[in-house]
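Me: I would like to learn how to read a protein structure with some care. Could you take me through one, feature by feature?

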Amino acid sequence: MLVTLRQIVQEVSTAKQLDEALDIIVHRVKAALPIDACAVYLTDEESDQYVLMAAEGFNPASIGKVRIDRQEGLPGLVGERRELIIVSDAATHPRYHPSSATGEERYHSFLGVPLIHYHQVLGVLVAWKRAPGQFGKDEVTFFVTIAAQLAKAIHDASAVEEVSRMLSGELQGVAFIQGIQMAAGVALGTAALLDPLARLESIPDRPARDIAAEMTAFRTAVTAVHEELRASSERLAADVPSEVRAVFDVYVMLLGNDGLASDALVRIRAGNWAPGAWRDTIAAHAQIFEQMEDPYLRAGAEDIRAIGQRVLVQLQGEAKASRQYPQQCILVGDTVSITEIAAVPVGQLAGIVCMHGSALSHTAVMARALGIPAVVSLAPLPIGRLDGCEMVIDGDQGRIYIEPSSAVLDAFLQLISEQQAHSERLTALRDLPAETPDGFRLPLYANIGLVSDTVAARDCGAEGIGLYRTEVHYLLHDAFPLEDEQYQIYRKVLADFAPSPVTLRTLDAGGDKILPYFPVQEDNPFMGCRGIRFSLDHPEIFLIQLRAMLRANAGLDNLQVLFPMISRVGELDEALGLLARAGRELLEEGLDAKIPRVGVMIEVPSAVFLATALAERVDFLSVGTNDLTQYLLAVDRNNAQVTTAYDGLHPGVLDAIHHVVKGAHLRSKPVSVCGELAGDPAGALLLLGMGVDALSMSPANLARVKQVIRSFTLQRARSLLDEALGMEDGFAIHRLLNGALEEAGVLMRRQTAA
Ligand code: PEP
Ligand code: MG
């Protein structure tokens, strides 16, 4: 049975069109089981009906024509109940309404299973037997198993079909494809498909006729790519900070003599022609990364493949320096590399769409630095058909709209102009205090990860840096940064904001932030060696960072050190011990090193329950709602398929934060919140009500949150919190807060476009 099941699923997944996939399903299922008919109905949301899409054993003329209301008939019952239904003599069942067009009256026993994918009933798979009677246990097991497996294949095939309908203009409305956010922002533009020709993987083997000539050709191609990388980096000099341009150095390093290039030369010497040797070299290096579970390591494989492609283009003499890009260009590719981004004139690049890749890749860092919206994880898409089509990219929601209807276009144009007008209004708030109408001051800080981000933090009126993610610097480098290098960076950030506080979080590596030069192989990296665990496992690396921080603080005294992912007091004690040791060492070396204010991130569920004990040992707590939500709800924060389940306003999450605030205040220690919830108007309002002492957020959200603070009295925020805490369901909390914000004229994102 397992073999047949696998074969069917395999065949279905290779079908090019939905119709073809459904035909395979009914044909193969009927052949595999002792049944007389098999049919698939798919849901048509618009008409609220099921449409008979494929059948074996029904009148062929009925296929595509028969529709049944979702509340009607036996298939309707299966969808309604969302469960397997067996009826041994259908004629006696109250929901039996056979369609004369199908000829199903001749059958008597019925078996139906819903096709469910991520809570959505995509359709119903049914089987009929001529004679009344039961279905055997094996038949039922087979049917249920195949339905569960086919739901995903049907979902993917319908996604491709939907795109085709969007492209043909047949699907008018607000249809979109959901991916995940890589970089925020909204843009309209024309898709420019990256050249799919000459893919490295399809290069054949060929014996090298002249090994020396192949080696020379290869070296010339590598030199040309080196030059291309240098030129790309220079081209972006005015638009992205030098720290971000450092990713080009990573490419240069990969191409260096000790890396890929020397490997390829060995293969050429062994007799393969240069493109073939290069293909094997890239495949071998990329595979090491690609097979790893961890998204950041997979992002490393993207870099290697991108380099591979650039060298191949040079080897084949196809370097086209002068490709023309549309005016509002949305780059679309299976993956999009930083050199491909750099090839588009900066003013012309409107967005980036990648089928595969990671929200943490160098492409993502580059897109954010350029302020270009980007969306990733959109497979399955018929990518080859997208070139030249009009597209809306909604980086805020991680969605794209293909050939959008004029209504969608209008909605987005309006959204963009409203956002512009709104941000102008918000700019006016820049120098006003974040103070409620009843006089409660709530300091607003910025979350940043690059030295250059201090400009944005200043521009938005942040009163300090509530979270500096030091790992960004580590991630952009090809080796652990040395003490002096780190010192320079921290000193600059601290000096930029002195005397306002700057919170430097110690390295939060691991999880989705694996250092490319320190690969850790773990089955479940989010539960593995991450955050403080990594630092405590490597005191030699941790001490370098702590020393750099303390040195940077000398004479400024505005440093706050923050420890990530603390899950027990022992870890905190150990980290505090190492901080004290770093201070002692520096004093012994004759340097000025005061122990700064220290904070603990509350982002692991156990830390919530230890809030008072942790607060007793440090100066402040900072709630990381991103990880706390992920761990409390067991929802991966980077998985596009479970975004609806990832909810910072879930009553469980709110209760946990409230518990932390009360626990820290018991020891008279302040609590700030530095996860995304702090930058969300609804979240900020509830956090205000909880009595948090500061909020820290992305600079882009700061003015909006300040508007919220200035629009609600503390008393009103408290009463909204009381109401929210009495609710059992996140949706109800969203409704409550949206209503309050709308009433106050704060909510700006329009649901029509969303
Ligand atoms: C958090 O988890 O909320 C947080 C601020 O840390 P990061 O997003 O860097 O994991
Ligand atoms: Mg975190």
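Me: In which strand does Ala192 lie?

Reply: Helices (H or I, at least four residues) and strands (E, at least two) are DSSP runs, numbered from the N terminus. In this predicted model, Ala192 belongs to strand S9, which spans residues 186–193. Residues are numbered from 1 along each chain as its sequence is written, and chains are lettered from A and ligands numbered from 1 in the order in which they are written. Because the model is predicted, local features need pLDDT of at least 70, side-chain atom pairs count only at pLDDT 80 or more, and totals for chains, interfaces and linings use all residues, while side-chain values use heavy atoms, with hydrogens and water left out.

Me: Is Ala192 buried or exposed?

Reply: Buried means under 20% relative accessible area, exposed over 50%, and partly exposed in between (1.4 Å probe, protein chains only). Ala192 has 2% relative accessibility, and therefore counts as buried. Across the protein, buried residues make up 55% of the 754 residues.

Me: Which residues does Ala192 touch, not counting residues up to four places away in sequence?

Reply: A contact means heavy atoms within 4.5 Å. With those sequence neighbours set aside, Ala192 touches Arg323, Tyr325, Pro326, Cys329, Ile330, Leu331, Val332 and Asp387. Among contacts in the protein between residues at least 6 apart in sequence, 66% join residues at least 24 apart.

Me: How far from Ala192 is Asp205, 13 residues apart along the chain?

Reply: The C-alpha atoms of Ala192 and Asp205 are separated by 31 Å.

Me: How many residues surround ligand 1, and which are the closest?

Reply: A residue is near a molecule if one of its heavy atoms lies within 4 Å of it. Around ligand 1 there are 14 such residues, the closest being Arg469, Arg505, Gly624, Asn626 and Arg637. Helix H21 (625–633) and strand S16 (465–469) each supply at least two residues of this shell, and H21 gives the most, with three residues.

Me: Which atoms lie close enough to ligand 1 for a polar contact?

Reply: A polar contact is a pair of N or O atoms within 3.5 Å; within protein, one must be able to donate a hydrogen and the other to accept it, and residues adjacent in sequence count only if both atoms are side-chain atoms. Arg505 has a polar side-chain atom 2.8 Å from an oxygen atom of ligand 1. For Thr625, a backbone N or O atom lies 3.1 Å from an oxygen atom of ligand 1, and for Asp627 a backbone N or O atom lies 3.0 Å from one.
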